[in-house]
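Open the model in your viewer and keep the selection panel handy. We will go from one stop to the next, with a note on what to select each time.

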Amino acid sequence: MTIEIDSGSGFCHGVTRAIGKAEEELARGQQLYCLGDIVHNGREVQRLDALGLRTINHEQFAQLRDANVLLRAHGEPPTTYEQARRNNINIIDATCPVVLHLQERIKREYDSDVQHTRQIVIFGKRGHAEVLGLVGQTEGTAIVLEHPDDVARLDFNRDIALYSQTTKSLGDFRKIVDYIQQHISPTAHFTYADTICRQVANRMPHIREFAARHDVVLFVCGQKSSNGRVLFDECLKVNLRSYMIDSPESIDESMFRASAAATSLQDVSIGICGATSTPKWLMEQCKARVEQLCTAH
């Protein structure tokens, strides 16, 4: 049996930076809170919890005073920083630089339109932490499009400024751009900024190639990972024997039996990959689980 871990999978730069900041602060021995899961992977959250990182929600954040709070890579709206100032909270800001730059662009867009007649549109997952931070730059007025088909509900007689959550599909973003260009009124102005992170976008063609050369693909990611869903769908496009799992315990021998048909397990090629929120150590554990299952037979 051949088992390969995708060298291109695993934490992106933004996640690596956030976790590094958390570990650095925890090493100092001070109490550290994180506003929301530091990464959309339950196993990594558990690992950091064991080191002392306490995950809190926004309601708990509002009750804190004189504390150290880490802001994860997804970023936060301006109201979070205002709350921190009021409550004397020390912010350790781990917002991904790509996300931070996008927040600043949207804020400038919003502030430059004094009458706020322009539609600021964000292609992203409604309720996602990053999207909440982006919408917050517009005092909650930005329009969120979750799917390309949602674009039809825009007012094409008014100016439109389009942006995207950093981890969305580049192909879907281009579909939205094409639709708006075809339907925008001659009297309205349309601008768009391709703000999709290339570290994520460039993984899509790579992961398709990786999935295509294996009999079975085990895609390791947390259930909350938006990026993970996008990348897993890319695997499925080229290999229907792709399985999304969140832990070694999720792996079942039937995944390999069904794909191998009449051949033995020794003939199966297995690829293990994951999202930008998937730690390498978890993929290694999944590989060990596969080897254990195969050794038993």
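Start by selecting Ile38: leaving aside residues up to four places away in sequence, Ile38 touches Ala18, Ile19, Ala22, Val45, Leu48, Leu53, Leu70 and Arg72. Contact here means heavy atoms within 4.5 Å. A word on the source: this is a predicted model, in which local features need pLDDT of at least 70 and side-chain atom pairs count only at pLDDT 80 or more, while totals for chains, interfaces and linings use all residues. Residues are numbered from 1 along each chain as its sequence is written, and side-chain values use heavy atoms, with hydrogens and water left out.

Now widen the selection to the largest nonpolar core, which has 19 residues; Ala22, Leu32, Ile38, Leu53 and Leu70 touch the most other members. Such a core is a set of buried Ala, Val, Leu, Ile, Met, Phe, Trp, Tyr and Cys residues joined through side-chain atoms within 4.5 Å. Colour α1, β2 and α2 (42–51), the elements that give two or more residues to this core; α1 gives the most, with five. Helices (H or I, at least four residues) and strands (E, at least two) are DSSP runs, numbered from the N terminus.

Next, select α4 (residues 78–86), where Thr80, Gln83 and Ala84 are buried. Buried means under 20% relative accessible area and exposed over 50%, with partly exposed in between (1.4 Å probe, protein chains only). Look down the axis of α4: its buried residues fall within an arc of 100°, so they line one face of the helix. The arc is that of the directions from the helix axis to the C-beta atoms. These buried residues pack against β2 (32–35), α3 (58–63), β4 (68–71) and β5 (90–93). On the face turned away from the buried side, find the exposed Thr79, Arg85 and Arg86. Just after α4, Asn88 takes a positive phi of about 55°.

For the last stop, show the largest pocket, lined by 27 residues, with Lys168, Ser169, Asp172, Val230 and Asp233 nearest its centre. On a 1 Å grid over the protein atoms alone, a pocket is an open set of points where a 1.4 Å probe fits, with protein on both sides within 12 Å along at least five of seven lines; lining residues have an atom within 4 Å of a point. Which element gives the most to the lining of the largest pocket? Select α10, which supplies six residues.
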